[in-house]
Amino acid sequence: MKVKVLFFAALREQLGVAGEEVELPAGIATVAALRGHLARRGGPWQTALAEKKNVRAAVNHDMAKAGAAIRAGDEIAFFPPVTGG
Amino acid sequence: MKISVQREDFDLSLETKHLSRGQGVGAVASFVGVVRDVAMTLEHYPEMTENSIRKITEDAGRRWKVMDCTVIHRYGELAPHDQIVLVAVASAHRGDAFAACEFIMDYLKTRAPFWKKEHRGEGAAWVEARASDDDAAGRWDSPARKAG
């Protein structure tokens with residue numbers, strides 16, 4: 001299935017990309033699985049999305065936990081903890 | 001209820017004056033966040049930002065008697081002493097207005113998708129989230145702080 005993935009702030013700069021369409025292999029069905037899938041690209045992906053890194057996510061514009069399900073056509077965003085206000 | 005995510009500055013007195021005209025309003029509590037001493041750029045996630053702020057204000061409305069509220073958050077380039085954020089809450093009495101205003105502000109800090117990048121001298125650096133902000137939002141979940 002295909003999903004849209006976005007990156008913000010420091011994460012966007014580390015990865016050098018603001019967003020992309022990603023075709024996922026079967027079995028990638030949660031936010032955590034997607035993050036792991038992207039991290040396996042290696043290089044900055046592995047560093048920036050490593051498990052020990054504090055990365056937050058949103059699915060279709062709602063904050064989402066690591067175990068949240070993802071479906072075809074979803075928009076999944078990864079970003080550092082927010083610092084507004 | 002007014003929620004605005006904008007580049008432009010805002011006028012506190014104009015916003016609170018508007019809120020104070022509501023039927024039965026007896027209190028308007030407001031908070032303004034300003035840039036400290038370092039210029040910054042505020043990035044946000046446009047498709048998500050307004051919606052996330054709306055959810056926070058709706059949550060506040062379930063906990064306290066909120067008659068109306070206004071939240072304005074700026075993004076883009078900001079200079080020292082510029083205003084960043086306004087939260088203003090209208091209610092019949094001050095207790096609800098104070099509490100809801102503080103609650104919305106605490107949750108904005110941990111739930112709304114904004115990121116600050118500070119520009120100091122030679123370089124720029126993303127601001128790290130602070131654990132104390134999570135603590136400030138988390139305290140509203142303790143039974144003692146819940147309304148009713």
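In which sense do strand β1 (residues 2-7) of chain A and β2(A) pair, and over how many bridges? The two strands pair in the antiparallel sense, over 5 bridges. The model is predicted.

**Chain A: make-up and dimensions**

- Chain A contains 3 helices and 5 strands.
- Read from the N terminus, its elements follow the order β-α-β-α-α-β-β-β.
- Along the principal axes, the C-alpha atoms of chain A fill a box of roughly 35 × 30 × 20 Å.
- The radius of gyration of chain A is 12 Å, which agrees with the value near 12 Å for a compact globule of 85 residues.
- Of the 85 residues in chain A, 31% are buried.
- Among contacts in chain A with a separation of 6 or more, 54% join residues 24 or more positions apart.

**Chain A: strands β1 and β2**

- Within the pair formed by β1(A) and β2(A), K2(A) stands opposite E23(A), a residue of β2(A).
- Strand β2 of chain A spans residues 19-23.
- Is β2(A) buried, or does it lie largely in the open? The number of buried residues among its 5 is 0, so β2(A) lies largely in the open.

**Where chain B touches chain A**

- How many residues of each chain take part in the contact? On chain B there are 22 residues, in contact with 14 residues of chain A.
- Four elements of chain B each supply at least two residues of the side that touches chain A: β3 (40-44), α2 (46-63), α3 (94-111) and β7 (114-120).
- The element that gives the most to this side is α3(B), with 5 residues.
- Sorted by class, the side of chain B that touches chain A holds 13 nonpolar, 4 polar and 5 charged residues.

**The largest nonpolar core**

- In soluble globular proteins, nonpolar side chains tend to be buried together.
- In this model, the largest nonpolar core has 56 residues.
- Which of them touch the most other members? They are V87(B), V89(B), A100(B) and I104(B).
- Helix α3(B) supplies the largest share of this core, 9 residues. The helix α3(B) also gives the most to the side of chain B that touches chain A.
- Leaving aside residues up to four places away in sequence, V89(B) touches A29(B), V66(B), C69(B), A97(B), A100(B) and C101(B).

How values were computed
Residues numbered from 1 in each chain as written. Chains lettered and ligands numbered in written order. Predicted model: local features only at pLDDT ≥ 70, side-chain atom pairs only at ≥ 80, totals over all residues. Buried ≥ 20, exposed ≤ 12 C-beta atoms within 10 Å, placed from the backbone. Pairing = 2+ DSSP bridges. Contact = placed C-beta atoms within 7 Å. Nonpolar A, V, L, I, M, F, W, Y, C, P; charged D, E, K, R; others polar. Core = buried A, V, L, I, M, F, W, Y, C linked by C-beta atoms within 7 Å. Rg over C-alpha atoms; globule rule 2.2 N^0.38 Å.
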